[in-house]
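Me: Please take a close look at a single part of this model, the pocket, and follow its lining into the rest of the fold.

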Amino acid sequence: MATTIITGRDLTLTIASTNYDAQASSATLTNSPTIETYQTLDGKAYKHIDDQWTFDIEMLADWGATSSLCEALWSAAESAPNTTLAVSLTAVTGAVFAFNVMPMFPSVGGSAPDAQTVSLSFTVVGTPTETFS
């Protein structure tokens, strides 16, 4: 079987009904399952009891820009820290993952003369839904 190389991907983050999608340079959705191990008379038994999803994103900072994603993230974390933000992550055409994340403050600054970047590790609320076509 031939190796499949995936190059197409896209990200849309929705904050206060506004979609943002231009700043991300890297996006990764990851699950860390909680699996309990029980020792029985017949040997070990395993039980999957929980999932904790995280969404890691690297992006270019856009402070001061019109419709700034950094400023929208800051405002969401400051004004509505318990209100989730909607995310749609496209791995490739036909593989789309939708989920919600808790808002968090983006970092500010960076080293000269590099472009300012922001790294965020969001907590995902619930389980992502997938659309495979």
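Reply: A pocket is an open set of points on a 1 Å grid over the protein atoms alone, where a 1.4 Å probe fits, with protein on both sides within 12 Å along at least five of seven lines, and its lining residues have an atom within 4 Å of a point. The model is predicted, with local features needing pLDDT of at least 70 and side-chain atom pairs pLDDT 80 or more, while totals for chains, interfaces and linings use all residues. Numbering starts from 1 along each chain, and side-chain values use heavy atoms, without hydrogens or water.

The largest pocket, about 160 Å³ in volume (the space filled by probe spheres set on the points), is lined by Arg9, Asp10, Leu11, Asp21, Ala24, Ser25, Ser26, Ala27 and Leu89. Two or more of these residues come from each of β1 and β3 (24-40), and β3 contributes the most, with four; strands are DSSP E runs of at least two residues, and helices H or I runs of at least four.

Of its 22 residues, Leu13, Ile15, Phe55, Leu73 and Val101 touch the most other members, and α1 supplies the largest share, five residues. In α1, Leu69, Cys70, Ala72, Leu73, Ala76 and Ala77 are buried, whereas Glu78 and Ser79, on the other side, are exposed.

Note on methods: Core = buried A, V, L, I, M, F, W, Y, C linked by side-chain atoms within 4.5 Å. Buried < 20%, exposed > 50% of the residue type's maximum accessible area, 1.4 Å probe, protein only.
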